[in-house]
Amino acid sequence: DAWILRKSLESNSNGRLFEQWALSGWLHVVDGEVIPESVVVDRLAELTSHVRLMRFGYDPYDAKVFINNLSAWLLGMGVKPDKMVRPVRQTWGQFNSSVQTFERLLKMGAISFSGCPVIPWCFGNAVLEEDKFENVKPVKRSANAKIDVVICILEGIIMLEEMGGVM
């Protein structure tokens with residue numbers, strides 16, 4: 001799932017595109033100045049009716065309120081948050097392995113995506129940047145670009161690798 005603030009539909013150069021995606025159900029539009037953490041946690045609660053949630057990766061930068069909400073929800077379900085919630089720092093070293101795994105799985109044909117147009121759009125906004133140690137991570141092609149879905153997919157691979165699920 002992906003969310004956007006209503007005011008961004010009006011002010012962003014991609015506003016018309018975002019509006020089409022929202023009308024098609026690919027993008028959730030939220031009123032206000034920020035996307036409330038409770039909206040995301042409520043959506044996760046909805047998904048548990050048909051998806052088994054195994055682990056949550058998150059960027060620890062400015063995530064305290066979200067993690068508190070997520071942890072409270074997990075505790076309410078009888079799940080220990082420290083077993084499911086893990087910070088994923090947005091560094092080259094953190095993303096290098098997941099980028100390589102993603103590329104390998106893609107070449108093998110082991111990855112497929114839904115018809116959601118937000119996914120290829122975000123990949124089109126991302127470029128791989130390399131540090132002096134040849135570690136790579138995705139970065140925005142331009143300042144206004146969005147790559148959130150790319151980051152989420154790679155964080156998912158990090159979580160899966162930690163659980164021993166990627167060969």
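Is Phe113 buried, partly exposed or exposed? Phe113 counts as partly exposed, at 38% relative accessibility. Here buried means under 20% relative accessible area, exposed over 50%, and partly exposed in between (1.4 Å probe, protein chains only).

The model is predicted: local features need pLDDT of at least 70, side-chain atom pairs count only at pLDDT 80 or more, and totals for chains, interfaces and linings use all residues. Residues are numbered from 1 along each chain as its sequence is written, and side-chain values use heavy atoms, with hydrogens and water left out.

**View 1. Phe102 pairs with Phe113 and with Phe123.**
A search of the whole structure finds 7 aromatic pairs. Rings of Phe, Tyr and Trp (its six-membered ring) pair if their centres lie within 6.5 Å; planes under 30 degrees apart count as stacked, over 60 as edge-to-face and the rest as tilted. Phe102 and Phe113 make a tilted pair, 6.4 Å centre to centre, with 40 degrees between the planes. Phe102 sits in helix 6 (residues 92-108) and Phe113 in the loop between helix 6 and helix 7 (118-125), so this pair ties together parts that are 11 residues apart in sequence. Helices (H or I, at least four residues) and strands (E, at least two) are DSSP runs, numbered from the N terminus. Phe102 is buried, with a relative accessible area of 9%. Phe102 and Phe123 make a stacked pair: 5.4 Å centre to centre and 15 degrees between the planes. That pair links distant parts of the chain, with Phe102 in helix 6 and Phe123 in helix 7, 21 residues apart. Phe123 counts as partly exposed, at 27% relative accessibility.

**View 2. Helix 4 has a buried side and a face turned away from it.**
Helix 4 covers residues 64-76. At 1.5 Å a residue, its 13 residues should span 18 Å, and the end C-alpha atoms are 18 Å apart, which agrees. The expected span is 1.5 Å times one less than the number of residues. Which residues of helix 4 are buried? They are Phe66, Ile67, Leu70, Ser71, Trp73 and Leu74. These residues cover an arc of only 160 degrees around the axis, which puts them on the same side of helix 4. The arc is that of the directions from the helix axis to the C-beta atoms. An α-helix has 3.6 residues a turn, so residues three or four places apart point the same way. The face turned away from the buried side carries the exposed residues Lys64, Leu75 and Gly76. What covers the buried residues includes helix 3 (37-47), strand 3 (56-58), helix 5 (81-84) and strand 4 (85-87). Contact means heavy atoms within 4.5 Å. Gly78 follows helix 4, and its phi is positive, near 80 degrees.

**View 3. Asp62 and Ala63 lie in the loop between strand 3 and helix 4.**
Asp62 is not a glycine, yet its phi is positive, about 55 degrees. Most residues other than glycine have a negative phi. Asp62 counts as exposed, at 72% relative accessibility. Ala63 is buried, with a relative accessible area of 9%. Ala63 and Val51 are 12 residues apart in sequence and 24 Å apart in space, C-alpha to C-alpha.

**View 4. Strand 5 and strand 6 form a hairpin with 5 residues between them.**
The two strands pair in the antiparallel sense over 5 bridges. Two strands pair if DSSP finds at least two bridges between them. Glu130 stands opposite Val136 in strand 6. Glu134 is found in the loop between strand 5 (126-130) and strand 6 (136-140). Glu134 has a positive phi of about 70 degrees, although it is not a glycine. Glu134 is exposed, with a relative accessible area of 59%. The C-alpha atoms of Glu134 and Asn96 are separated by 8.7 Å, and the two residues are 38 residues apart along the chain.
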